Amino acid sequence: MASLILQAVEKNYDGKTPVIAPLNLEVADGEFIVLVGPSGCGKSTLLRMVAGLESVSGGDIYIDGERVTEREPKDRSIAMVFQNYALYPHMSVYDNMAYGLKIRGFGKQHIQTLVERVAQMLELGDLLKRKPRELSGGQRQRVAMGRALVREPAVFLFDEPLSNLDAKLRTQMRLELQLLHRRLRTTSLYVTHDQVEAMTLAERVIVMNKGRVEQIGTPTEIYRRP
Ligand code: ADP
Ligand code: ADP
């Protein structure tokens, strides 16, 4: 069964101009989809609707077989990683990673187990007491990733997660993401402008234009030279 289904999902912010035209999409369980397209074509809006950070103007969203169209973000089995990390500056690395579990009522011991396991995996084990400002860009991005991972969501949403990093770190994090996906096989929807990221991470690439799906295919199909 597909773990993410968009059924005629549409969006306008002003009651008339459609930003997302009725759009259908089925993402298979464990699939990694990369969304590309010109600035303003609606990629972020689409992600935010799946996350529940933005309401839909029409249509329905199903995650893991459940209709979530009107649910609060915390009641959807999703985790989102942002371009600007969006870490809480006054909280330690540990508390940043634990926060999403706390608000969902997880017990202290369970939280500690989950956070420490993910921290180990992302090589953040020695940084748990630090504040975000005491970390490098790459370490911050790892914390943002870790905060999403501890939740063990059905779907990951990534909004240009690597675009603030320098070229070297971007390459390193891209490879780490690739390994992570091989290991976890969490259904993922990933927005980027970077063709290399799309080529290496995507199982299918969706090219959006003006709120519509213009092309959908494997990276080879999308990027092959005519
Ligand atoms: P992308 O992520 O592809 O750059 P966005 O989803 O951010 O595109 O934006 C799609 C369109 O929706 C753009 O025309 C943008 O100006 C508009 N838009 C985005 N967010 C809002 C908002 N909160 N209010 C009104 N219009 C918005
Ligand atoms: P509380 O203060 O809510 O009683 P704890 O006694 O579990 O919570 O932990 C106190 C603080 O220590 C937590 O808020 C957290 O910032 C930090 N902390 C807990 N476990 C760890 C850990 N394994 N590594 C680093 N910091 C931790």
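Visitor: By class, what residues does the lining of the largest pocket have?

Guide: In this predicted model, the lining of the largest pocket has twelve nonpolar, two polar and four charged residues, where Ala, Val, Leu, Ile, Met, Phe, Trp, Tyr, Cys and Pro count as nonpolar, Asp, Glu, Lys and Arg as charged, and the others, Gly among them, as polar. Because the model is predicted, local features need pLDDT of at least 70 and side-chain atom pairs count only at pLDDT 80 or more, while totals for chains, interfaces and linings use all residues. Residues are numbered from 1 along each chain as its sequence is written, chains are lettered from A and ligands numbered from 1 in the order in which they are written, and side-chain values use heavy atoms, with hydrogens and water left out.

Visitor: How much space lies in the largest pocket?

Guide: About 450 Å³ lies in it, a volume being the space filled by probe spheres set on grid points, which are joined across faces, edges and corners. A pocket is found on a 1 Å grid over the protein atoms alone, as an open set of points where a 1.4 Å probe fits, with protein on both sides within 12 Å along at least five of seven lines, and its lining residues have an atom within 4 Å of a point.

Visitor: Which lining residues are closest to the centre of the largest pocket?

Guide: Of the 18 residues that line the largest pocket, M80, F82, Y88, R104 and R151 are the closest to its centre.

Visitor: Changing topic, which residues are around ligand 2?

Guide: Around ligand 2 are S92, Y94, D95, K108, Q112, E116, L128 and K129, each with a heavy atom within 4 Å of the ligand.

Visitor: And which element gives the most to that shell around ligand 2?

Guide: The helix α3 gives the most, with three residues; helices (H or I, at least four residues) and strands (E, at least two) are DSSP runs, numbered from the N terminus. Both α2 (93–102) and α3 (108–121) supply at least two residues of the shell.

Visitor: Which side chain has an N or O atom 2.5 Å from a nitrogen atom of ligand 2?

Guide: That side chain belongs to E116, while oxygen atoms of ligand 2 lie 2.8 Å from an N or O atom in the side chain of D95 and 2.7 Å from one in the side chain of K108.

Visitor: Back to pockets, what volume does the second largest pocket have?

Guide: The second largest pocket has a volume of about 210 Å³, and the largest share of its lining, seven residues, comes from α5.

Terms used
A polar contact is a pair of N or O atoms within 3.5 Å; within protein, one must be able to donate a hydrogen and the other to accept it, and residues adjacent in sequence count only if both atoms are side-chain atoms.
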